[in-house]
Amino acid sequence: MIRIISFLIILSFPILGYTPGKWSHKDAYLFKKVKKVPNKEIVRNGEGQVVYVAEYEYNSDGKLITETYSDKEGKGDGKTSFRYTDGLLSSEEVYDNGGHLVERKDFQFKGRALKKMNVKDGEGRLLIVYSIESDGEGNVFAAEGKNLETKDNESFRFQIDPKRPNVQIQYLNDDKKKGLGEIHFKFDAKGNLVEREFFQGDNRRVHKLKYKADGSLESHSFHVKQGDNWILEKTHVLVYE
């Protein structure tokens, strides 16, 4: 069965993540007013070598409007553009390094609560429809994705761990409500997300986040477990003006 949602990289609960198929700290820059935002992000592999660089541009409201990528040699590698209507995110468009549209997402709100997202290919064909449960603050609680080609459905929901009040668990399910895995979101005393741990069969991964004294995100890194050891895959370092 073709999986329609990449649940191993997923959205967060209180930090916000509009896309059921991924999580990104940049989601907050699309939905909320953030006091201090980065203008660049540098990604290095496990050996410390630069893999790619992303540069960010914001509108007068402080919302992210363009994310431009370059490879390890500094050559352009595409971009993502974001559009807003009445202050709410209306679309996301991904372009390759030739300027060709690769993917488009359209967002629908009820009031200020995100309720639906449609994913289209570069030619405008509708591929996936997401139904989303969220509030007007940009917090997503649950979602279901329907692939119009394969007819596969997958969904997720969040639940607070009754034994660990600082941990929220994201349960991932297929169209028969069978569990596909879990992601545990851990928060510090200030409410900052500090770790996301993935459990899927025998596979274990962890995503760690580090903050500056002023509360802004400094860096985040991805690790995979091999045997008894955790191996660093890549590190993202944020640059602020």
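I'll start with one turn: strand 4 and strand 5 form a hairpin with 2 residues between the strands, and in that hairpin Asp-86 takes a positive phi near 55°. Please keep in mind that this is a predicted model.

Asp-86 is not a glycine, yet its phi is positive, at about 55°. For context, most residues other than glycine have a negative phi. Asp-86 sits in the loop that links strand 4 to strand 5. Is Asp-86 buried or exposed? Its relative accessible area is 75%, so Asp-86 counts as exposed.

Now the strands on either side of that turn. Strand 5 covers residues 88–95, and strand 4 pairs with it in the antiparallel sense over 7 bridges. To find the pairing on screen, look for Thr-80, which stands opposite Val-94 in strand 5.

The hairpin of strand 3 and strand 4 has 4 residues between the strands. In that turn the positive phi belongs to Gly-74, at about 85°.

Strand 7 is residues 113–121 and strand 8 is residues 126–134; they run antiparallel and are joined by 5 bridges. Which residue in strand 8 is the bridge partner of Lys-116? That is Ser-131. The hairpin here has 4 residues between its strands, and Gly-124 in the turn has a positive phi of about 90°.

Strand 8 then pairs with strand 9, antiparallel, over 7 bridges. Ser-134 faces Val-140 of strand 9 across that pairing. Between strand 8 and strand 9 there are 5 residues, and the two strands form a hairpin whose turn contains Gly-138, with a positive phi of about 90°.

Lys-151 is in the loop between strand 9, residues 140–147, and strand 10, residues 153–160. Lys-151 is a residue other than glycine with a positive phi, near 70°. With a relative accessible area of 61%, Lys-151 is exposed.

Lys-32 is in the loop between helix 1, residues 27–31, and strand 1, residues 40–45. Its relative accessible area is 25%, so Lys-32 is partly exposed. From Lys-32 to Leu-148 the separation is 116 residues in sequence and 31 Å in space, C-alpha to C-alpha.

Now the whole chain. How many helices and strands does the chain have? There is 1 helix, and there are 16 strands. The C-alpha trace spans about 40 × 40 × 35 Å along its principal axes. The radius of gyration is 18 Å, which agrees with a compact globule, because for 241 residues the value for such a globule would be near 18 Å.

Of the 241 residues, 46% are buried. The chain exposes about 12,800 Å², and carbon and sulfur atoms supply 47% of that area.

On contacts, take those between residues at least 6 apart in sequence: 27% of them join residues at least 24 apart.

Last, charge. The chain carries 40 positive and 38 negative side chains. The centres of those two sets are 3 Å apart.

Methods:
Residues are numbered from 1 along each chain as its sequence is written. This is a predicted model: local features need pLDDT of at least 70, side-chain atom pairs count only at pLDDT 80 or more; totals for chains, interfaces and linings use all residues. Side-chain values use heavy atoms; hydrogens and water are left out. The radius of gyration is taken over C-alpha atoms; the globule rule is 2.2 Å times the number of residues to the power 0.38. Buried means under 20% relative accessible area, exposed over 50%, partly exposed in between (1.4 Å probe, protein chains only). Contact means heavy atoms within 4.5 Å. Accessible areas come from the Shrake-Rupley method with a 1.4 Å probe; for residues, only the protein chains shown count as cover. Lys and Arg count as positive and Asp and Glu as negative; His and the chain ends are not counted. The place of a charge is taken as NZ of Lys, CZ of Arg, CG of Asp or CD of Glu. Two strands pair if DSSP finds at least two bridges between them.
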